[in-house]
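The paragraphs below take up a few places in turn.

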Amino acid sequence: MTRPPARRSRNRNRSRRRLLPRPRVLLGTLLISLFVGVLVIQAYINAEFTGDHLESEVGDQAGVPLAIRRGGPIINTTGGQESSHRLPERTIALTFDDGPDPEWTPKVLEVLRENDAHGTFFVVGSEVARNPDLTRKITADGHELGLHTFTHPNMQRLAPWRRTFELSQTQVAIAQAANVHTNLVRFPYSSKAQAIDEVNWKIVKQAGKQGYLVVVNDLDSEDWRRPGVARIVRNATPPGDTSAVILFHDAGGERAQTLAALRVFIPAMKARGYRFTTVTEGLNLSIAEQRKDKDEATAALPLLPMNPEAGGTDRLRGAGLLWTVRLADGLVWGLAGLFLVVGLLTIGRTALLLVLATRHARQRRKPGWSWGPPVTEPVSVIVPAYNEKEGIEAAVRSLAGGDYPDIEVVVVDDGSTDDTAAIVERLGLAGVRVIRVPNGGKSNALNTGIALARHDIIVTVDGDTIFEPDSIRMLVQPFADPAVGAVAGNVKVGNRQTLVAAWQHIEYVIGFNLDRRLYEVLNCMPTVPGAIGAFRRTALAEVGGISDETLAEDTDVTMALCRAGWRVVYEERAKAWTEAPTTLEQLYRQRYRWSYGTMQAMWKHRKALTDSGDSGRFGRVGLPFLALFGVALPLLAPVVDIMLLYGLVFWKLSETMVAWGLMLALQLFTAAVAFRFDNESLRPLWRLPLQQFAYRQLMYLVLIQSAVTAMTGGRLRWHKLNRAGLTGARDVAAEAPMIPVTPHAVPGQQGVAPAVDTWPPVLDQVSEPIHPAAGRATARPPVPSQALPPYDSDDQPSAGSPPGGGSGPAFTRGA
């Protein structure tokens, strides 16, 4: 009676688990959100400005009090009042906008110190956050700080809340940097009191409600134009004995003329009897003089403190703001640095690829070039197959119907549940035999097939792959060179009708086949593809056969062969047509296996880095090359897209598009070269620009997840790809004749494989591999066909790796 409630309880728990995201997904989402948030913050604080010289028309001034328009440059709307103030006669307040600047502000401070003058610096909050020590030095030298907003926007174009935010963020930045508070504000692109219209008047009154005095200017030196020292001095010189608040700049561009003009202007004004004050000091002098005149309106005004101490709350908020700006700046500078690294690596790799691949292609196409005497030795073709009913018939027919004179085809059915073996047996093709083994994975199936193969040249083929009639003949010709231990064939995508498969076609030609030309020239081929590859039996024996220690058994064994001193070459004329995934989900699963398995193989063979001889040569050439261009560069490549989006939204559109266009042009040129080498039509390349916005990003995620899985020790679960079979538009298999034949007899086993416990097959003993690169290869004793015990498909990791994928699940056991 307790079972039903227990079952319901388990179901409820399962439902709850589904409602919550997995920790890895949650962590990834949080990291991405943080990353995007920091970028947005950085884009906000990096708002580009062009100085305080925006030309704008003055609007309706009917609502602006005449006393304000005809008044002084210091406007007071605090407490509901509407008044303005001028400095006393022969008083000058030098004001500097847009800083602090790490190059020019210290030089301005030095000029002021030389001439015993003080000024008021209207600072931009984002620059304060970047230069807190310089901001502190301004106040330490006796100068005054004022607000010039946080990002230097045109305040007329902002919502009221944003205006408040611009001022408050600058205030707390100053509080943390210099431990002071300021009551002064100057808006970007403001000018004189006469230019205040109704729109600006509302902004001025809003600032007054927040307790700020708004400071405009009497004279604009126009130093931002860099008109020459004499012109700057003339613009800044007040007529007669009048006072002036004068606008200069200590940032926003090159300010050498400003410095030279100040060295002339200050002594000249002092010679005329002028004194130099800060804005607040000059305002207090004006208030004091009006008190002497017993001006009742002014008598009640208190003197304003200059640079009063900041409150603790503002300092605390400012600390958080400064750290946020530093983090955002650091992230973008880091991204910019990575972007430069990615660009240099991409250009360097492309140049190396084009040079060496072109050299390889020209060598192969020289008249009379050959590998040596024609190879006509018998060949054994091993086809590991797991639930390949959709494509196994076409694959086997293409092998049996080829033009090679002497081959045997060994189909190893790896515990299929879909009659794969029966389909092959019903074909009754000459030279084709079927071996049934319990499900043990691709490595196990390959080793079983190799153990039963009669010949010394071994060709491995995936169960979903179709050979052209001359593929085997072309594939084995490199064995005319006794130094060649393995040959990689030319894998083609057979189902190019869908967009996803067409993208893979482009990738196979550019990313795999062009790379193989490069790797052969460097003598560090990392992978003989499972879809079409050939091996010497002696070479496989030396490295211990096909290891099951990684999920990329083909990459693993190829690296082992390179370390053992065997040459691994690429034969472009040996073509095999494979069925590529047709959905992004299936593609993701396949590439996840490939990249994870490749990382496993690289880690397994890491000792090659310190080896000597052939193993060391591969370790110091092949592994670093693969790590740099096969792992590091793709992991860093998302920086290109991030900077593209950042540039489109927050930077200059034209420059960003030019940079992206140059990158695309380089890719198109490389693609055109690769397609020409492979004798492929250039027509599919129209999809390449679109590929940059979907396919490439998917590959980023694949590699990132693979790297995270590898570093965290996570398990990779098997997902069988859905196959439809290569039929119709791209059926290149030659129809082999349906000739009834008697399967070749193998002594002592009535149509099934003999007991094999290791490969090379040696019963009752396991010899130590003779080369340090050798891996463990095991083959379970095959038994006659029988019902298989149920298993959990989620616990079956893949054995596939690029390009061609695995043909079935495999148990991965530790070394």
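**Backbone, strands and helices**

Asn387 has a relative accessible area of 16%, and buried means under 20%, so Asn387 counts as buried. This residue lies in the loop between strand 11 (379-385) and helix 14 (392-400). Its phi is positive, about 50°, although Asn387 is not a glycine. The model shown here is a predicted one.

A positive phi deserves a remark. Most residues other than glycine have a negative phi, and most peptide bonds are trans. His152 is another residue other than glycine with a positive phi, near 60°. His152 sits in the loop between strand 5 (144-147) and helix 7. With 3% relative accessibility, His152 is classed as buried. As for peptide bonds, the one that joins Gly99 and Pro100 is cis, with omega at about 0°. Pro100 belongs to the loop between strand 3 (91-97) and helix 4 (105-114).

Next comes helix 7, which covers residues 160-178. Its 19 residues reach 27 Å from the first C-alpha to the last, close to the 27 Å expected at 1.5 Å a residue. Buried residues of helix 7 include Arg163, Glu166, Leu167, Thr170 and Ile174. An α-helix has 3.6 residues a turn, so residues three or four places apart point the same way. Just after helix 7, Asn179 takes a positive phi of about 60°.

Now turn to strand 17, residues 532-536. Is this strand mostly covered or mostly open? It is mostly covered, with five of its five residues buried. In a regular strand the side chains alternate between the two faces of the sheet. On one side of strand 17 are Ile532, Ala534 and Arg536, on the other Gly533 and Phe535, and all are buried. Strand 14 (residues 457-461) pairs with strand 17 in the antiparallel sense over five bridges, and Ile458 stands opposite Phe535. Strand 16 (residues 484-493) also runs antiparallel to strand 17, joined to it by three bridges. There, Ala488 stands opposite Gly533.

How do helix 18 and helix 24 lie to each other? Helix 18 (residues 499-522) and helix 24 (residues 653-677) have axes 9 Å apart and meet at an angle of about 75°. Angles of 65 to 115 degrees count as roughly perpendicular, so this term applies to helix 18 and helix 24. Among the residues in contact are Ile506, Val509 and Leu514 of helix 18 and Ala671, Ala674 and Phe675 of helix 24. By class, the contact has eight nonpolar, two polar and one charged residues.

Key:
Residues are numbered from 1 along each chain as its sequence is written. This is a predicted model: local features need pLDDT of at least 70, side-chain atom pairs count only at pLDDT 80 or more; totals for chains, interfaces and linings use all residues. Side-chain values use heavy atoms; hydrogens and water are left out. Helices (H or I, at least four residues) and strands (E, at least two) are DSSP runs, numbered from the N terminus. The expected span of a helix is 1.5 Å times one less than its number of residues. Buried means under 20% relative accessible area, exposed over 50%, partly exposed in between (1.4 Å probe, protein chains only). Two strands pair if DSSP finds at least two bridges between them. Axes are lines fitted to C-alpha atoms, for helices over the stretch in contact, and angles run from 0 to 180 degrees between N-to-C directions. Angles under 35 degrees count as roughly parallel, over 145 as roughly antiparallel, 65 to 115 as roughly perpendicular and the rest as oblique. Contact means heavy atoms within 4.5 Å. Ala, Val, Leu, Ile, Met, Phe, Trp, Tyr, Cys and Pro count as nonpolar, Asp, Glu, Lys and Arg as charged, and the others, Gly among them, as polar.
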